[in-house]
Amino acid sequence: MAAVDLTTHPGHLARRLQQAHYLLWNTMVSEETTSPQFAVLNALVAEPGLDQRTAGERVGLDRSTIAEVVTRLSRRGLVDKVRDPQDGRRFMLRPTDDGERAHRKLALRAARMNQVFLGPLSPAEQAVFFDLLRRVSEAAESLRDPVAPAAR
């Protein structure tokens, strides 16, 4: 069988985009705070008091990943993690004052990074790019459902 054109494989292109994003994030935004950590902090700035599960859902992280991210943010003093008084199994999360300051700094840097990342595209192309990425991402969420597509 002949070699395939990987530029027609979405997974290959998504991986290359992720590599570029990772490089830009580390050089322009933060080596200490990862993009997923920023996403969780951002969700908590938008909705303080979310429980850990809901915060993970907001940013597309599974249960074990959100637990690890929250633990790291909490250790750094950026997030307060308090047991829900009505359900001791749940943790309610809030950004600390340091977390809000870090969020402001990171949000500005991330905006600059995004300008560089999307620089090859015109504003109109960026809008189309985001629309297509959202549509594919939302459709991909259904792939997490353990029920086979044929059974739906």
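This is a predicted model: local features need pLDDT of at least 70, side-chain atom pairs count only at pLDDT 80 or more; totals for chains, interfaces and linings use all residues.

Q: Among contacts between residues at least 6 apart in sequence, what percentage join residues at least 24 apart?
A: A contact means heavy atoms within 4.5 Å. Here 52% of the contacts between residues at least 6 apart in sequence join residues at least 24 apart.

Q: At what angle do helix α1 and helix α5 pack?
A: Axes are lines fitted to C-alpha atoms, for helices over the stretch in contact, and angles run from 0 to 180 degrees between N-to-C directions. Angles under 35 degrees count as roughly parallel, over 145 as roughly antiparallel, 65 to 115 as roughly perpendicular and the rest as oblique. Helix α1 (residues 10–29) and helix α5 (residues 97–117) have axes 10 Å apart and pack at about 135°, and are therefore oblique to each other. Among the residues that make the contact are Leu-17, Trp-25 and Met-28 of α1 and Leu-106, Met-113 and Phe-117 of α5. By class, the contact of α1 with α5 holds 11 nonpolar, 1 polar and 2 charged residues (nonpolar: Ala, Val, Leu, Ile, Met, Phe, Trp, Tyr, Cys and Pro; charged: Asp, Glu, Lys and Arg; polar: the others, Gly among them).

Q: How do α2 and α3 pack?
A: Helix α2 (residues 35–46) and helix α3 (residues 52–59) pack at about 115°, with axes 9 Å apart, and are therefore roughly perpendicular to each other. Ala-39, Val-40, Ala-43 and Leu-44 of α2 meet Ala-55, Arg-58 and Val-59 of α3. These residues divide into 6 nonpolar, no polar and 1 charged.

Q: At what angle do the axes of α3 and helix α4 cross?
A: The axes of α3 and helix α4 (residues 63–75) cross at roughly 105° and come within 9 Å, which makes α3 roughly perpendicular to α4. Gln-52, Ala-55 and Gly-56 of α3 make the contact with Ile-66, Ala-67 and Val-70 of α4. The classes here are 4 nonpolar, 2 polar and no charged residues.

Q: Is Gln-37 buried or exposed?
A: Buried means under 20% relative accessible area, exposed over 50%, and partly exposed in between (1.4 Å probe, protein chains only). Of the 152 residues of the chain, 24% count as buried. Gln-37, in helix α2, is buried at a relative accessible area of 6%. Leaving aside residues up to four places away in sequence, Gln-37 touches Glu-32, Val-69, Arg-72, Leu-73 and Arg-76.

Q: Which side chain does the side chain of Thr-54 join in a polar contact?
A: A polar contact is a pair of N or O atoms within 3.5 Å; within protein, one must be able to donate a hydrogen and the other to accept it, and residues adjacent in sequence count only if both atoms are side-chain atoms. Thr-54 lies in helix α3, and its side chain joins that of Asp-51 in a polar contact of 2.7 Å. Thr-54 counts as buried, at 10% relative accessibility.

Conventions
Residues are numbered from 1 along each chain as its sequence is written. Side-chain values use heavy atoms; hydrogens and water are left out. Helices (H or I, at least four residues) and strands (E, at least two) are DSSP runs, numbered from the N terminus.
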